[in-house]
Amino acid sequence: MRGMLRFLDNDSPFGHVCTFLGTVIAVNLLFVVTLIPVVTAGAGLCGMYYAMLKLVRYKEINPLAEFWRGFRDNFKKATLTLLGVAAAAAFLAVDLRICALMTGPLRYCSTVVYGAIIALAVLAMYLFPVMAAFEGKMKDTLKLSVYFAGGNLPGTAAIAVLNVVPLVLTYINPAMLPLAAFLWCLGGFAMIAFCNSMIMMRRFARHLEPLEADREEADRKRILEEMKMLEG
């Protein structure tokens, strides 16, 4: 009985897993709610990434409080960003259609358009996480997004796979769509955001304030070095 209680304790490995899954599901449900009005989807992305980046860094969070803070603080900028990305995507889609109707060498302009679509997709993958992690104007967010995307190509490729493969698997078998929709609504969006956040945080952490434990460890090392200098 005592062993069972230890197994179910919040500090046990099983308890940590349950806490993690509960946090992911809670954040995912909040994000799904923001998708309903559509216009709040950008702020919802920021809220989800704000919570997931915090979860990666601090291990335990209050999902509602962290999601709401990321949603509220970035609402205007995230909404305008989403509209800008959607407008750019629509413009490129029209260009692609025009290229398909062309004849001769001009038809190959579609290669340039495909390149622009890939660049826009990569930029969009970073825009909302960067917005959630760092304060600043839109131009600063754009610069940081390009910096993080281009400065870590293996990580960017891994994030692209994490975003694209689940979508492909979702539609590869129409008979499984109801189950896929259930999994997406239950925790799919937030789980992918968490995996992306784990990759991104490796680069983000260098530009964020150190954690309290890191500051304490740095202070301890500094004190030890000073003591050695005094002894010497």
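The model is predicted, so local features need pLDDT of at least 70 and side-chain atom pairs count only at pLDDT 80 or more, whereas totals for chains, interfaces and linings use all residues. Residues are numbered from 1 along each chain as its sequence is written, and side-chain values use heavy atoms, with hydrogens and water left out.

The secondary structure comprises 10 helices and zero strands, where helices (H or I, at least four residues) and strands (E, at least two) are DSSP runs numbered from the N terminus. The pattern along the sequence is α-α-α-α-α-α-α-α-α-α. Among contacts (heavy atoms within 4.5 Å) in the protein chain with a separation of 6 or more, 68% are accounted for by residues 24 or more positions apart. The accessible surface of the protein chain, from the Shrake-Rupley method with a 1.4 Å probe (for residues, only the protein chains shown count as cover), comes to about 14,600 Å², and 70% of this belongs to carbon and sulfur atoms.

The largest pocket has a volume of about 800 Å³. A pocket is defined on a 1 Å grid over the protein atoms alone, as an open set of points where a 1.4 Å probe fits, with protein on both sides within 12 Å along at least five of seven lines; lining residues have an atom within 4 Å of a point. Grid points are joined across faces, edges and corners, and the volume is the space filled by probe spheres set on the points. The lining of the largest pocket consists of 28 residues, with Leu45, Ala124, Met125, Asn163 and Leu167 nearest its centre. Two or more lining residues are given by each of helix 2 (13–35), helix 3 (41–58), helix 5 (75–101), helix 6 (110–133), helix 8 and helix 9 (177–204). Helix 6 supplies the largest share, eight residues.

Helix 8 (residues 153–172) contains Pro166, which counts as partly exposed because its relative accessibility is 24%. With neighbours within four places in sequence left aside, Pro166 is in contact with Val161, Trp184 and Ile192. Trp184 is 18 residues from Pro166 in sequence, and the C-alpha to C-alpha distance between the two is 9.6 Å. Val161 also belongs to helix 8 and is partly exposed, at 47% relative accessibility. Val161 is one of the members of a nonpolar surface patch, together with Val164, Val165, Val168, Leu169 and Ile172, and the accessible area of the patch is about 540 Å². Patches are made of residues with over 30% relative accessible area and no salt bridge, nonpolar side chains (Val, Leu, Ile, Met, Phe, Trp, Tyr) being joined within 5 Å and like charges within 9 Å; a salt bridge is a side-chain nitrogen of Lys or Arg within 4 Å of a carboxyl oxygen of Asp or Glu.

Thr34 lies in helix 2 and counts as buried because its relative accessibility is 8%. Beyond neighbours within four places in sequence, Thr34 contacts Thr40, Ala41, Gly44, Phe67 and Phe71. In the loop between helix 2 and helix 3, Val38 has a positive phi near 70 degrees, although Val38 is a residue other than glycine. Val38 counts as exposed, at 56% relative accessibility. Lys59, in the loop between helix 3 and helix 4 (63–73), is likewise not a glycine and has a positive phi of about 75 degrees. The relative accessible area of Lys59 is 62%, so Lys59 is exposed.

Conventions. Buried < 20%, exposed > 50% of the residue type's maximum accessible area, 1.4 Å probe, protein only.
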